[in-house]
Amino acid sequence: MIKSIKFLRHERSYRRLFISGFISGVGDWFNNVAVLSTILTLTGSSLAVGITLALRVLPYLVFGPLGGMVADRIPRKIILVTMDLTRSVLALSFLFVNSKDQIWIVYVVTFGLVILSTFYIPARAASIPTLVRKENLLTANALDQTSFGIVMIIGSVFGAFFTAIWGLQFAFTFNSVSFLVSALLTMGITFPRTGTKSNKITYKEQIKSFLSLCKKSRLLRAIIVLSALWPVGGGAINVLLSVYSFQVFDMGQQGVGIFYGSLGLGFVIGGIFADYISQNLKKMAAAGFILEGISLSIVSVSPYFSLASLMLFLGTVGSSIGIASTNTLVMEAVSIDEQGKVFGTLATLRNSILGISMFVAGLLLEWIQPRVLGFLGGILITIVGALVGILLVTDPSKQTFQEKKTC
């Protein structure tokens, strides 16, 4: 943690980007709590909740690759500020939802906010290598994981608390203001001039360019495997958290809160630990995902809620280490001018399959016991971690694309 504080002190531009993401992230969690509360209060329908969750994933199918392509064409500062300002205005639309007949506004605004995020996320990820020194990339990615965990804890706990005291309108307004603050912070960042070289390249040519990169790099092929297979197990686990709490451990909403607290704490600790493993990122990435899979398998067979919470925490520590390591490997390997499309395509693949997996998991729970489905999901993640580890560790390539470009 001390290392991260020193890093933020010296990397001024990234510090602004970090703080802006932290503030808007807390706003997102406030919004999530308020949106789900609004739906359940006005409709009492689990189907409405399912539709809203699906709308948080579906836009990636179409707009994910487009967002990555735009991140390589337009200055990333323009993208980040524009998306934040637009989201700030759009987020206020939730204030107009006051009856069951107006629930369509929730669907439309949710869909719109996620579309804007498909442009924001790859632009932000591709900006990190331009704002920090190469030797600090792992620290930046590890800090992002720690921040995600803290945001999850603060946003979910305080979001529910303040919403209960001051009402849903407060949460929606806070979310809007958080985007505005994020935009103002980003305006003060000086970005190196990147992301403007391929204005004449078509969408089809961008896809071909991405596939060409993958053909040259076993690293990217391994991470594609991870992005395609991990969400199959991860989607099932996401659905099972509330099922475990209500149906397996009889802990109700309190159990759900403890589970999410375990997830948040796992991201915090995993991010802190990941900052000290720069010696062998490939092995640590594989070990992290294997630890996650084994831990989630134990959750599924645990006779005690406390043990399940502990294993969920350890699994998230592993996941946090794996994500920080793989993101750093991509940033080190791919040219800065091409990172937008890489992160955009990976996010599209990951989120699309995650959404399908959550839908299928919900259907399977009609015929399969939650513990069985959870065990299968955990085993799948373990196998994926091992497979990705083999692909990464046996990769004979030592030279990155950025190094080749300067030779």
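## Salt bridges, burial and a nonpolar patch

Modeller: Let's start with glutamate 11 and arginine 133, whose side chains meet in a salt bridge at 3.8 Å, N to O. This pair links distant parts of the chain, 122 residues apart: glutamate 11 is in the loop between helix H1 (2-10) and helix H2 (12-42), and arginine 133 is in the loop between helix H6 (103-131) and helix H7 (137-166). Bear in mind that this is a predicted model, where local features need pLDDT of at least 70, side-chain atom pairs count only at pLDDT 80 or more, and totals for chains, interfaces and linings use all residues. Residues are numbered from 1 along each chain as its sequence is written, and side-chain values use heavy atoms, leaving out hydrogens and water.

Colleague: What makes the glutamate 11 and arginine 133 contact a salt bridge?

Modeller: The term needs a side-chain nitrogen of Lys or Arg within 4 Å of a carboxyl oxygen of Asp or Glu. At 3.8 Å, N to O, the pair therefore qualifies.

Colleague: Why is glutamate 11 called buried, and why is arginine 133 called partly exposed?

Modeller: Buried means under 20% relative accessible area, exposed means over 50%, and partly exposed is in between (1.4 Å probe, protein chains only). Glutamate 11 has 5% relative accessibility, so it counts as buried. Arginine 133 is at 43%, so it counts as partly exposed.

Colleague: How many salt bridges does a search of the whole structure find?

Modeller: Three. Aspartate 144 and arginine 124 form one of them, at 3.0 Å, N to O. That pair links helix H7 to helix H6, 20 residues apart, and both residues are buried. Another joins arginine 87 and aspartate 84 at 2.8 Å, N to O, again with both partners buried.

Colleague: Why are arginine 87 and aspartate 84 separated by about one helical turn?

Modeller: Because they are three residues apart in helix H5 (residues 76-91). An α-helix has 3.6 residues a turn, so residues three or four places apart point the same way.

Colleague: How do you know that serine 352 is buried?

Modeller: Its relative accessible area is 9%, so serine 352 counts as buried. It is found in helix H14 (residues 339-364). Beyond residues up to four places away in sequence, serine 352 touches Val57, Tyr60 and Leu61, where contact means heavy atoms within 4.5 Å.

Colleague: Which residues make the nonpolar surface patch?

Modeller: Ile294, Ile298, Val301, Tyr304, Leu307, Leu310, Val372, Phe375, Leu376, Ile379 and Ile383 make a patch of about 950 Å². The elements giving two or more residues are helix H12 (281-301), helix H13 (305-333) and helix H15 (370-393). H15 supplies the largest share, five residues.

Colleague: What makes leucine 376 partly exposed?

Modeller: Leucine 376 has a relative accessible area of 48%, so it is partly exposed. Patch residues need over 30% relative accessible area and no salt bridge; like charges are joined within 9 Å, and nonpolar side chains (Val, Leu, Ile, Met, Phe, Trp, Tyr) within 5 Å. At 48%, leucine 376 therefore passes the area cut-off.

Colleague: Where is the kink in helix H10 centred?

Modeller: On leucine 240, with a kink of about 40° in H10 (residues 218-248). The bend is the angle between axes fitted to the seven residues ending at a residue and the seven starting there.

Colleague: How many helices and strands are there in the protein chain?

Modeller: There are 16 helices and zero strands. Helices (H or I, at least four residues) and strands (E, at least two) are DSSP runs, numbered from the N terminus. Of the 407 residues, 53% are buried.

Technical notes:
Accessible areas come from the Shrake-Rupley method with a 1.4 Å probe; for residues, only the protein chains shown count as cover.
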